[in-house]
Amino acid sequence: MTSTEIIKNALADARFHLDSLLGNEQVIARIENAATLLADSLRSGKKSVSCGNGGSMCDAIHFAEELSGRYRNDRKALASISISDPAHISCVANDFGYDYVFSRFVEAHGKQGDCLIAISTSGSSRNVIQAVHSAQEIGMTVIGLTGRSGSALDTLADVSICTQAGQYADRVQELHIKVLHIMIELVESKLELA
């Protein structure tokens, strides 16, 4: 296969999965529901806490900085943090195990009424699931982004946004970042900040 064919196949595959998402009314309704829950939480002075591994951690960081910093237009900062501090992660991984790197942060910083944005392409990352359990014990709302229907995260989240996109995580992640950007746009609209 030539380089041009690889490029065109990748773009066509991405378009196919984006079109599939666009035609999935259930997922679209869940994105709206998640954004409403998040906007209500932020409106009442609460915060979002986001987590994930690898590329999903990068998405969690990106989501948090666009809420607390800036998305498209200047507006008031929104309380949002990602669980990405290397000192915290290495301390907890060393002392308790990697399965607890997110849940310990949630226990320390999460408050009733906050939103946890839990991101796992497989829906079965043990440390993400542990964070969900900790968030639920505190009374946080859990918004899950996954790529596997019926996974632990899909089942446990208050609102699960499942972007199934074939056998590889990269397509799921591409849809996740689209969903996260849409959620930010909806939150700004609902809070009349944009």
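Contact, as used here, means heavy atoms within 4.5 Å. The structure is a predicted model, in which local features need pLDDT of at least 70 and side-chain atom pairs count only at pLDDT 80 or more, while totals for chains, interfaces and linings use all residues. Residues are numbered from 1 along each chain as its sequence is written, and side-chain values use heavy atoms, with hydrogens and water left out.

Leaving aside neighbours within four places in sequence, histidine 176 is in contact with Asp59, Ile119, Ser120, Thr121, Leu145, Thr146, Gly147 and Thr163. This histidine belongs to helix α8 (residues 169–190), helices being DSSP runs of H or I with at least four residues and strands runs of E with at least two, numbered from the N terminus. Histidine 176 has a relative accessible area of 0% and is therefore buried, a term that means under 20% relative accessible area with a 1.4 Å probe and protein chains only.

The sheet is open and parallel, with five strands in the order β2-β1-β3-β4-β5; two strands pair if DSSP finds at least two bridges between them. Because β2 (80–82) and β5 (159–162) stand at the edges with a single partner strand each, one side of each is left without a neighbour in the sheet. Strand β4 (residues 141–146) runs parallel to β5 and is joined to it by four bridges, and isoleucine 143 has valine 159 in β5 as its bridge partner.

| Helix | Strands crossed | Angle |

In α6, the buried residues are Asn127, Val128, Ile129, Ala131, Val132, Ser134 and Ala135, and their cover includes β1, α5 (103–109), β3, β4 and α7 (152–156). Just after α6, glycine 139 takes a positive phi of about 100°.

A nonpolar core is a set of buried Ala, Val, Leu, Ile, Met, Phe, Trp, Tyr and Cys residues joined through side-chain atoms within 4.5 Å. The largest has 28 residues, of which Leu38, Phe63, Ile117, Ile143, Leu145, Ile161 and Met183 touch the most other members. Two or more residues come from each of α2 (25–43), α3, β3, β4, β5 and α8, and α8 gives the most, with seven residues. Apart from this core lies another, of 21 residues, among them Met57, Ile89, Leu116 and Val128.

Conventions. Buried means under 20% relative accessible area, exposed over 50%, partly exposed in between (1.4 Å probe, protein chains only).
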